[in-house]
Every structure is written in structure tokens, then in C-alpha cells.
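Student: Please take a close look at one loop in this chain for me. Then set it beside other loops and the fold as a whole.

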Amino acid sequence: MNILLVGSGGREHALAWKIAQSPLVRRLVCAPGNPGIARHAELRPDLKVTDADGLTALAREIKADLVVVGPESALEVGLADRLAAAGIPCFGPSARAARLETSKAFAKGFLERWDIPTAGFGVYEKMSEARDALKVFKPPYVIKADGLAAGKGVAISPDRKDAEAELARMLGGRFGKAGARVVIEEFMEGEEGSLFALCDGRHAVLFGGAQDHKRAFDGDLGPNTGGMGAYSPAPVFTPDLVEAVERRIVAPTLAGMAKEGTPFRGVLFAGLMATAEGPKVVEFNARFGDPECQVLMMRLADDLVPWLLACARGDLSRLGSPEFRPQACVGVVMAAKGYPDSPLEGSIIRGAERDFGPHVQVFHAGTRRDEQGALVAAGGRVLTVCALGDDVAEARERAYAAVKSIDWPGGFHRSDIAWRALEARD
């Protein structure tokens, strides 16, 4: 098979690393890619992930048997729709189906229509209406930009004054058109986790779970980010909780999307809150998470390619259940100083490309080569250092040992990734 992978982040590096291991693959091309992905695939660095026409032309050029879409921005512009029109199988939903992620207002309305458990909410476009709505909700206030905001469009305000300031920032243009509407939600008590399901429009297969760390600093302090680390499996996903998620959330979501004429193909990422009343949806994503994808790919024992192809072709039911290694995986994100607001670019990274042994992988996200060929930071989240271990404690120890050996004064990382799992064990 010839496969085109779209994206340039840590998620796409993990996918490229896993796809390249498949005996089914003859040629793997990635657009635009990054220096880490270059080890596994041919790169087309001049193409943007939002250039649906250019990417479709590239798929034709390489005679792609499958296109794997990594980032949500490519889904929003309708890349899957262009590929479908060209007769090229695509792992990723149509633009209308991807609204489960690209519009929080749409997603909340969908959940309400199909009686899928989630927090109470309201949708507002005017500051006056949003301010009045704060009288109905109780603090802390959960405020979300409607559109895509790179994982940073969520604020939890402790009081009315802070909530009004956050509403003013969002509706005032902080996230551009993504913040032209806001969703205000009830605050949910419980533990959060991420569960993944592969979907072919009619069938869904659960595909592992993980727990992310969204805050920038230790102790879950600081601003929200795209994710500072993750681990899998997560103790929050007990067998009973997983069964409830499949029955009450995944199955009705897939059925509802099909009945509304927007069948969902690709991976459904359910961000969940385990509450006293059972699991509730925090949000949906229409692609693999980052850094959750990295830890899932490390644990996946199966060849990934047949699963991706089955989703694209609509014949997922023939594959049964995926096999994951019993080992735990911990991933630690190394980010550029100043992230998430003003990450510093251009600092040199040394030691990230050496062989750390069979249990450790370093996935690139925001990296590039300078004129001398050195690896330098080129984004906010720059590396994800992942390690396998017999348990979370061993995986964590290996991951942090690798982090410590990377010489990058221009970066920072959290030192408490997987603290919930270790606390649950104790």
C-alpha cells in the first residue's frame, strides 16, 4: 500500500512510527511532516494541512491507497470530503461529521438531542446574554470557545468577576472566529479521562484509553494547554465504566450521527468525566489526541494499518477487538519556555535523537532543522518522551530518565505526569 499521512505534530510522528512498522506498507508520505517523521516517511514540507486541494492532488500523485488525517484543522476544511469525491479512502470524518469537535455548540446540541449524558449548558453570541447566563450557573464556571482553539479554548473561572473577564476575552476576539460563540457549562465533579473508539460509520470498536494533563505546571496549576503529558492505561477506566461508556455514549453517538445523515468514520475521542451519576461527555474530538496518541501507539500490539483501512472502507466489524500490550506507557511533553502563550522558538535541542533503547521513544512535534542541521524548537509543544514499563511507576521512571538526558535549556516539562495513577496504586 501507498499511504499519505497528513500532519506535523507528535501525534503524527507516533502514527508514522507505527504505520511504518506494517508489512502492508510500500510507501509512506507525510505532509508536511517534521524531522522525527523524516525517519519513517518521505516528507512534503511545503504543503499545509489546510490545503485540501493540494493534499488531494498529492494523494493522486502517489497513488495513495489510504490517507490518514491527523489534525482537526484538516478535517474542518473538508479534506475527507475532497478525498471521497476523488475516490480515495480516508481515515477521518467528513467536515459535517467533524463538527462533533469543530463546534462545541453543535456537539452539545447533538448530545442533548440524543439524550447522551453531559453537563447542562447554554450557547451565547452576545456579551450581555452570556453575562446574564452567569446568574443561572453556579461557580466555578466552565466557559468554552465554540470553535477550534488548539486545546486552549476552555476556561474554568472560580467566580463571577473572572468569568465575565474570560467571556470578554473570548467574545472580544482572543480566539478569532473560534470564539464568536461561547458555551457555558455546569461544572462536573469527578475524574477526567479519554476513551477512543474506531468507527466506520456503522460499527464502533473501543481502542484504548488514557489520561491527559492539561495544565501547564505541576499540581495541575497554570493555564490550559494542548496537553503536557499522558499515560495509559488509566485506573479511572474500570470495566464497569468502560461498559457504560460504550453503551450510553459511543453506541448512541454513532447511531445518532448516522441517522442525521453524517455517518462518522475515523476515531471518536470521547473526553469523559466519571461522575457519581456515571460517565458524562466533557467534549468530543474527531481525531487521535496529542499526547494520548503517542502512549496508545506505544501500547498497541496489533498492526495499525488494517484498522485504519477498515474504518475508511466501512468494514470494521470483521476485525474483532484490538490487542494492546499489558504494559503501561507514560508520555512527558517537553515544551518551549513561554508556552502556551508565547513559546520561544529557535533554541537548540541536543540528545533527543539518540537511541534510548526498546522501551523509550521520543516523538517530535514542534521541531525543525536550522541551517547547520541542528535540531531546534519550532513550536509550543516540542517533544513527547514516551516509555513503556511493567507498571506506571516503571514507565514513569524510564520516561523521566530520558527527559533528564535531553539537553535543552530552552524547554520545560511537568515533573508529576501520572500522579493520579501512582496515588491510586498507593
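Tutor: Aspartate 115 lies in the loop between helix 6 (104–113) and strand 6 (121–124). Helices (H or I, at least four residues) and strands (E, at least two) are DSSP runs, numbered from the N terminus. This is a predicted model: local features need pLDDT of at least 70, side-chain atom pairs count only at pLDDT 80 or more, and totals for chains, interfaces and linings use all residues. Residues are numbered from 1 along each chain as its sequence is written, and side-chain values use heavy atoms, with hydrogens and water left out.

Look at the backbone. Phi of aspartate 115 is near 55 degrees, a positive value in a residue other than glycine. Most residues other than glycine have a negative phi. Aspartate 115 has a relative accessible area of 69%, so it is exposed. The cut-offs are under 20% for buried, over 50% for exposed and partly exposed in between, with a 1.4 Å probe and protein chains only.

Lysine 63 also has a phi near 55 degrees. Its loop runs between helix 2 (52–61) and strand 4 (66–69). At 62% relative accessibility, lysine 63 counts as exposed.

Now take a buried loop residue. Aspartate 302 sits between helix 10 (292–299) and helix 11 (305–313). Its relative accessibility is 18%, so it counts as buried. Leaving out residues up to four places away in sequence, aspartate 302 touches Lys18, Trp307, Ser321, Pro322 and Glu323. Contact here means heavy atoms within 4.5 Å. A polar atom of the aspartate 302 side chain lies 3.0 Å from the backbone nitrogen of glutamate 323.

One joins serine 232 and proline 233, with omega about -5 degrees. Proline 233 is in the loop between strand 14 (229–232) and helix 9 (239–259). Another joins aspartate 290 and proline 291, with omega about 25 degrees. Proline 291 is in the loop between strand 16 (278–285) and helix 10. Most peptide bonds are trans.

Finally, the whole chain. It has 13 helices and 22 strands. Buried residues make up 58% of its 426 residues. Among contacts with a separation of 6 or more, 69% join residues 24 or more positions apart. The C-alpha trace spans about 55 × 50 × 40 Å along its principal axes.

Definitions and conventions: Polar contact = N/O pair within 3.5 Å; in protein donor to acceptor, adjacent residues only side chain to side chain.
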